[in-house]
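I opened the file to look up a pocket, a ligand site and some strand pairing. My entries follow in the order in which I made them.

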Amino acid sequence: MRVQLNARNRAFRYEASAGEKILYAGLRAQAGLPYECATGTCGTCKAKLVEGEIEDAWPEAPGRRFIKPERGEFLMCQCAAAGDVSVEVASFVYPSDPAECRVAAWRGTVGALRALTHDVSAFDVELDAACEFDAGQFMAVSAPGVRGMRGYSMVNFAQPARRLEFLVKKKPGGGFSEWLFSKRAAGARIELVGPLGKATFHPALGKNVLCIAGGSGIAGMMSILARAAAARYFERHDGWVFFGVRTMRDAFFLEELSAFKSDRLEITLALSEEDAGAQTLRRWPRLRFERGLVHEVAKRAMTSKYRDVRAYLAGPPPAVEAAIRVLLLEAKLTADCIRYDKFS
Ligand SMILES: Cc1cc2nc3c(=O)[nH]c(=O)nc-3n(C[C@H](O)[C@H](O)[C@H](O)COP(=O)(O)OP(=O)(O)OC[C@H]3O[C@@H](n4cnc5c(N)ncnc54)[C@H](O)[C@@H]3O)c2cc1C
Ligand code: FES
């Protein structure tokens, strides 16, 4: 299927295979198309059908509240071309930066699940072929028998990587969660598209780094910390990690975070529903513990430290939005210094 995509500044022409989403095919063809979640919730990938027919795989997608279907608008991450199509995107679109990791479709095998808390588990995917990704990126993942794709951030970092590590917070009744936490997942073959996302870290950044993660949002931060540690980044720059959970029962990766801690990298657990007890403080001497919502804890600790900072935010949308407000309104960071993934 041929896709003719007319953006505000230029046109792109690319091939999409049967059933392939117009967004994924465009990214694969190195058109820097607009998207955020890549999975139907945010509305960022809005486009307009000018000619031809499309198939909408998820007509109930929450992201459709941002479009006007009566005007031919649709979500590129949910729709595939049903023949040759011509579509329009209202924004400027540029070719992807050749230095970015190439988006492609992958297949892999799921390894055994490892419980991190009562409702968070990690799992590995052994890819059939090695892939390159930047620290902080995610994959759109599809599992057998589960409709649609889900975004999951890579926890590890290697370049190239045959093994991708992910963590998933169980959502009761959630399609992917129920599949993953069932006995069917280990050994299953899954499909992935990526790497995706712009909340990327590279040691050439040359700025101080602030990470604010709510719950499972710590996934991509672990990849960033691994990349930074390998480059001894925090010998030359300052870093602050704020990891928000409700109680110590919900906390994980504390060994790994303690190992990342260094003179110039401070790591704080924000506990929203309890104080850290004396035993916790004794057990984790390299970590700081504060009571409060993660964006409030970060706001208190970061006052007057925002010079030359790149901020990375991830987690549930309310936590990310609250942190964005702090960074824009209180810290006066400009939008280009803030990278985020809303786990919607
Ligand atoms: C950029 C990004 C990174 C993320 N990283 C992580 C992470 O590292 N760890 C983590 O735990 N969570 C992460 N999430 C959230 C994750 O993608 C899922 O939303 C979450 O795990 C719940 O999935 P579920 O299938 O259990 O729940 P469900 O409620 O079944 O599905 C949740 C999401 O799946 C998609 N979806 C559902 N039904 C359909 C359908 N019929 N057709 C098409 N799509 C459908 C939608 O995007 C929906 O919001 C991330 C989300 C995004 C956007
Ligand atoms: S990128 Fe398509 S709805 Fe978010």
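**Second largest pocket**

I began with the second largest pocket, which 28 residues line, and I noted Asp97, Glu100, Gln137, Gly197 and Lys198 as those nearest its centre. A pocket here is an open set of points on a 1 Å grid over the protein atoms alone, with protein on both sides within 12 Å along at least five of seven lines, and a lining residue has an atom within 4 Å of a point. This is a predicted model, in which local features need pLDDT of at least 70 and side-chain atom pairs count only at pLDDT 80 or more, while totals for chains, interfaces and linings use all residues. Residues are numbered from 1 along each chain as its sequence is written, chains are lettered from A and ligands numbered from 1 in the order in which they are written, and side-chain values use heavy atoms, with hydrogens and water left out.

I put the space in the second largest pocket at about 570 Å³, a volume being the space filled by probe spheres set on the grid points. By residue class, its lining divides into 14 nonpolar, 7 polar and 7 charged. Strand E14 (189–196) and strand E19 (309–315) each give the lining at least two residues. Strands are DSSP runs of E with at least two residues, and helices are runs of H or I with at least four.

**Ligand 1**

I then counted the residues around ligand 1 and found 26, the closest being Thr39, Arg150, Tyr152, Lys171 and Ser177. To be near, a residue needs a heavy atom within 4 Å.

Next I listed polar contacts (pairs of N or O atoms within 3.5 Å). Oxygen atoms of ligand 1 lie 2.5 Å from a polar side-chain atom of Arg150 and 2.6 Å from one of Tyr152. At Gly151, a polar backbone atom is 2.7 Å from an oxygen atom of ligand 1. I noted that ligand 1 taken alone exposes 940 Å², of which the protein buries 90% (Shrake-Rupley method, 1.4 Å probe).

Strand E12 (150–153), strand E13 (161–169) and helix H2 (175–180) are the elements giving two or more residues to this shell. E12 gives the most, with 4 residues.

**Strand E1**

Which strands pair with E1? I found E2 (residues 11–15) antiparallel to E1 (residues 2–6) over 5 bridges, and E7 (residues 85–88) parallel to E1 over 4 bridges. Pairing requires at least two DSSP bridges. Leu5 has Phe12 of E2 as its bridge partner, and Val3 has Val85 of E7. E1 and E2 form a hairpin with 4 residues between them.

Terms used:
Polar contact = N/O pair within 3.5 Å; in protein donor to acceptor, adjacent residues only side chain to side chain. 1 Å grid on protein atoms, 1.4 Å probe; cavity = no way out; pocket = protein on both sides within 12 Å on 5 of 7 lines; lining within 4 Å. Nonpolar A, V, L, I, M, F, W, Y, C, P; charged D, E, K, R; others polar.
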